[in-house]
Amino acid sequence: MSRLLIIGPPGAGKGTQAARLSVRLDVPAVSTGDIFRDNVRNGTELGVLAKSYMDRGEYVPDSVTDDLVKDRLSAADATGGFLLDGYPRTIAQVRSLDEYLAERGESLDAVIQLTADHEETVQRLLRRAKEQGRSDDTEDVIRRRLEVYAEQTAPLIDLFASRGVLVSVDGLGSIDEVTDRIVQALDGLGITAPAA
Ligand code: AMP
């Protein structure tokens with residue numbers, strides 16, 4: 001069973017890879033961004049709050065996000081493993097997740113860092129903006145999201161590296177190529193797909 005996190009700048013392709021790995025490893029992908037967007041779509045109280053941050057490229061407050069993830073990870077389908085996408089994103093979120101997992105006698109087995117060139121990610125995000133019309137994919141907001149990532153989330157990479165759970169994968173290339181690289185890197189850690 002695997003407890004995994006995929007981390008990387010906006011536009012690195014985390015969501016796409018998380019969806020594929022989730023099928024392959026038979027664990028639910030838990031994306032805080034997707035959960036927030038679902039709530040925005042459904043007009044919930046959480047959605048209204050989340051949107052006010054997302055539309056500016058800022059992070060939703062830790063207290064809100066931490067509780068949301070604890071709830072989600074407590075669901076039956078996540079007891080045997082999960083793939084987190086986009087959480088934790090701050091040092092405080094790492095602490096909250098550590099504490100929650102420790103109560104379950106668990107910890108993250110691997111953190112997949114998806115690397116991507118800065119300008120390439122901006123271009124990818126602008127392309128996605130045209131295709132999907134996400135309200136946080138305008139150029140100004142994209143630049144702010146990349147800044148917030150560099151300030152608040154990039155420091156987590158060193159932290160996970162020091163724990164010996166980090167695998168770095170080049171996010172450049174076709175979707176299949178990147179998936180193959182991740183699968184190989186996880187293999188190296190003994191994390192493999194369950195037998196069919
Ligand atoms: P994403 O789809 O992962 O790029 O997330 C889109 C937006 O949702 C982010 O720019 C944040 O505003 C918000 N968000 C997603 N995950 C988190 C998180 N772990 N902490 C705070 N805000 C988040």
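View 1. Helix 4, residues 62-73, has 12 residues (helices are DSSP runs of H or I with at least four residues, strands are runs of E with at least two, both numbered from the N terminus). From first to last C-alpha helix 4 reaches 16 Å, close to the 16 Å expected at 1.5 Å a residue, where the expected span is 1.5 Å times one less than the number of residues. The model shown here is predicted, so local features need pLDDT of at least 70 and side-chain atom pairs count only at pLDDT 80 or more, while totals for chains, interfaces and linings use all residues. Residues are numbered from 1 along each chain as its sequence is written, and side-chain values use heavy atoms, leaving out hydrogens and water.

Look for Thr65, Asp66, Leu68, Val69 and Leu73, the buried residues of helix 4 (buried means under 20% relative accessible area with a 1.4 Å probe, protein chains only). Because they cover an arc of only 165° around the axis, they lie on the same side of helix 4; the arc is that of the directions from the helix axis to the C-beta atoms. They pack against strand 2 (29-31), helix 2 (32-41), helix 3 (45-54), strand 3 (82-85) and helix 5 (91-103).

**View 2. Leu73 in the largest nonpolar core.** Leu73 is one of the residues that touch the most other members of this 22-residue core, together with Ile7, Leu84, Leu108 and Phe160. A nonpolar core is a set of buried Ala, Val, Leu, Ile, Met, Phe, Trp, Tyr and Cys residues joined through side-chain atoms within 4.5 Å. Helix 5 gives the largest share of this core, four residues. Not counting residues up to four places away in sequence, Leu73 touches Val30, Ala78, Phe82, Leu84, Leu97, Tyr100 and Arg104 (contact means heavy atoms within 4.5 Å).

View 3. Strand 4 (residues 110-115) and strand 5 run parallel, joined by five bridges, and Thr115 has Asp170 of strand 5 as its bridge partner.

How values were computed:
Buried means under 20% relative accessible area, exposed over 50%, partly exposed in between (1.4 Å probe, protein chains only). Two strands pair if DSSP finds at least two bridges between them.
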